[in-house]
Amino acid sequence: MKRKKRESSGAIKLEEFLTQQIAFQKRVLEILESDFSSISQSHDFGINAAVNLINRMVNDEIMTQGSELWCFAMCLFEDAVKRELFISLPDDDGRLAWLKYKKDVGK
């Protein structure tokens with residue numbers, strides 16, 4: 001006759017712990033994926049978003065379309081990091097100051 005293998009209490013506790021950890025990690029991944037999805041959907045850092053902001057600044061007479069600064073901004077937006085920074089600034093005054101600064105530093 002074969003004897004049934006019995007699991008030790010330590011092995012049972014370890015299995016329960018590992019099962020809980022796997023469930024916890026799956027939940028963390030779901031939360032992170034959800035957060036990333038909502039962030040990427042709520043913040044558009046594409047060229048279109050940056051140009052829309054510039055167009056609004058032109059309409060509000062903060063900037064002149066076709067000016068040297070306007071052209072500089074269009075070239076600056078080719079860089080995704082600079083474009084994201086521009087879009088993330090809290091207001092148009094800050095955006096304008098930053099654009100002027102970047103333009104002057106480049107000289």
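This is a predicted model: local features need pLDDT of at least 70, side-chain atom pairs count only at pLDDT 80 or more; totals for chains, interfaces and linings use all residues.

Modeller: Glu68 is exposed, with a relative accessible area of 58%, and its side chain meets that of Lys103 in a salt bridge, at 3.0 Å from N to O. This pair links distant parts of the chain, since Glu68 belongs to helix H3 and Lys103 to helix H5, 35 residues apart.

The protein averages a pLDDT of 85, and 85% of the residues score at least 70. Confidence is highest in H3, at a mean of 95, and lowest in helix H1, residues 9–42, at a mean of 77.

H2 itself has 13 residues, and from its first C-alpha to its last it reaches 18 Å, which is close to the 18 Å expected at 1.5 Å a residue. Its buried residues are Ala49, Ala50, Leu53, Ile54, Met57 and Val58. In soluble globular proteins, nonpolar side chains tend to be buried together. Here the largest nonpolar core holds 18 residues, and the members that touch the most others are Ile54, Met63, Phe86 and Leu99. Two or more residues of this core come from each of H2 (47–59), H3 (68–76), H4 (80–88) and H5 (92–105), and H2 gives the largest share, 6 residues. Ile54 shows how these parts come together, for, leaving aside its neighbours within four places in sequence, Ile54 is in contact with Met63, Trp70, Ala73, Met74, Phe77, Phe86 and Leu99.

Arg56 is partly exposed, with a relative accessible area of 34%, and it forms a salt bridge with Asp60, the closest N and O atoms being 3.8 Å apart. Asp60 is likewise partly exposed, at 46% relative accessibility. The side chain of Arg56 also meets that of Asp92 in a salt bridge, at 2.5 Å from N to O. Because Asp92 lies in helix H5 and Arg56 in helix H2, this pair ties together parts that are 36 residues apart in sequence. Asp92 is buried, with a relative accessible area of 11%. Of the salt bridges in the whole structure, which number 5, those that share partners join Arg56, Asp60, Asp92 and Arg95 into one network.

Just after H2, Glu61 takes a positive phi of about 60°, although Glu61 is not a glycine. Glu61 sits in the loop between H2 and H3 and counts as exposed, at 72% relative accessibility.

Arg83 is buried yet has no salt bridge, and the nearest side chain of opposite charge, that of Asp79, is 7.0 Å away; a salt bridge would need a nitrogen and a carboxyl oxygen within 4 Å. Leaving aside its neighbours within four places in sequence, Arg83 is in contact with Phe45, Gly46, Ile47, Ala50, Phe77 and Glu78, and of these Ala50 is one of the buried residues of H2.

Key
Residues are numbered from 1 along each chain as its sequence is written. Side-chain values use heavy atoms; hydrogens and water are left out. A nonpolar core is a set of buried Ala, Val, Leu, Ile, Met, Phe, Trp, Tyr and Cys residues joined through side-chain atoms within 4.5 Å. Buried means under 20% relative accessible area, exposed over 50%, partly exposed in between (1.4 Å probe, protein chains only). Helices (H or I, at least four residues) and strands (E, at least two) are DSSP runs, numbered from the N terminus. Contact means heavy atoms within 4.5 Å. The expected span of a helix is 1.5 Å times one less than its number of residues. pLDDT is the predictor's confidence in each residue, from 0 to 100. Lys and Arg count as positive and Asp and Glu as negative; His and the chain ends are not counted.
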